[in-house]
Amino acid sequence: MAARFCSVLLLLAAFLTGLDASRLAVNQELSNLFNELWTLDVNRMTPGTDYTLSVQGRAGYVTQGTHVVHDHASQPLFSEVNEEKLKNITTVSRFLTLLDNYERSTGVLERVTTEELTEISLFLDAVLQTEVMKRAHKYLISKRKSNANLRLFKNQLNLIWFHLYHRQRNMGLDSSGFEHVFVGETKSGNEIVGFHNWIQFYLQEKNNLLDYKGYKAGRHDIPDHDDHVLNLQFSWHSLVKPVGSAFIGTSPEFEMAIFTIVFLMNTDRSTTVLVNIDQCQMELVVIRHGRSLGTAYPKLLSSNSRHVVPQTH
């Protein structure tokens, strides 16, 4: 009996050790780098000044494919956004020209015009001129993941974010990393896929095409109006995203920079890194589609420095 009990204890200890080993450790190197990029992001909008959030109620649990959910937010997520300032940011103004270039539904062939190729090129040129992407490029050069030649780095960014591929089998070239992450797509007419950008969220909400249903968070983690990452629930074109996530207020170049770094620093099909950025702890999830990006998004774990262990004296 004692021997059997000891065996059970050993198995339990091994199981718990395995669980502990499976937990992600904070990637301090990337946390330091991303906080540096955060500081360099002069195009980030300031909460309470450049935009106002109304996070309202906690959204309920719904399954993928649900079309009707209880609305825990009677008002829009964005109460106010300084559009004038937003449109005067070069990277954002060029980003805005890209949002209407895509077919919303996967499985529908994307036809890219010469004008749209020019818009992509001009957007990447603007991104490459920012201090955020310059610092990201420098880091990637130091890790031998990118070429120092700016033209070659631009081509690399283009391949990662704008190269077209087929997301649905036996279909034409219907998707890209940029479309999926920044614009959003619908799949099989019953689900929203991607859609992880706050500017697109705001514009779709403003045009009454999107309805914010409430925030998603842990029991003791209530988001504030100044949080820069949110997990949220919303409907778009009559479809429901049970849980979506996005940075809030950040520039397109910041988001592209951090996800490009995670993409290039790993070769696994799916990569998750745990980082602390500003007052938030989050997982950054990146999934590859060959040599291009399949999806990328932040998953907020805690905000307002709740993950920081207080020092005892």
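Author: The lining of the second largest cavity divides into four nonpolar, no polar and two charged residues. This is a predicted model: local features need pLDDT of at least 70, side-chain atom pairs count only at pLDDT 80 or more, and totals for chains, interfaces and linings use all residues. Residues are numbered from 1 along each chain as its sequence is written, and side-chain values use heavy atoms, with hydrogens and water left out.

Reader: Why is the space of about 40 Å³ called a cavity?

Author: On a 1 Å grid over the protein atoms alone, a cavity is a set of points where a 1.4 Å probe fits but cannot get out, and its lining residues have an atom within 4 Å of a point; a pocket is an open set with protein on both sides within 12 Å along at least five of seven lines. The volume of about 40 Å³ is the space filled by probe spheres set on the points, which are joined across faces, edges and corners. A search of the whole structure finds two cavities of 30 Å³ or more.

Reader: Which residues line the largest cavity?

Author: F195, N197, W198, F201, L232, F234, G244, S245, A246 and I248. Its volume is about 50 Å³. Seven of the lining residues are nonpolar, three polar and none charged. β7 has the largest share, three residues.

Reader: What is the volume of the largest pocket, and which residues lie nearest its centre?

Author: The largest pocket has about 440 Å³. H180, H196, I287, T295 and Y297 lie nearest the centre, out of 21 lining residues. β10 provides the largest share, seven residues. By class, the lining has seven nonpolar, nine polar and five charged residues.

Reader: How do you know that β10 is a strand, and where does it run?

Author: Strands are DSSP runs of E, at least two residues, and helices runs of H or I, at least four; both are numbered from the N terminus. β10 spans 292-302.

Reader: Why is Q281 called buried?

Author: Buried means under 20% relative accessible area, exposed over 50%, partly exposed in between (1.4 Å probe, protein chains only). Q281 has 16%, so it is buried. It sits in strand β9.

Reader: What makes the pair Q281 and N276 a polar contact?

Author: A polar contact is a pair of N or O atoms within 3.5 Å; within protein, one must be able to donate a hydrogen and the other to accept it, and residues adjacent in sequence count only if both atoms are side-chain atoms. The side chains of Q281 and N276 are joined at 2.8 Å.

Reader: Why do D278 and H237 count as partly exposed?

Author: D278 is at 42% relative accessibility, so it is partly exposed. H237 is at 27%, so the label is again partly exposed.

Notes:
Ala, Val, Leu, Ile, Met, Phe, Trp, Tyr, Cys and Pro count as nonpolar, Asp, Glu, Lys and Arg as charged, and the others, Gly among them, as polar.
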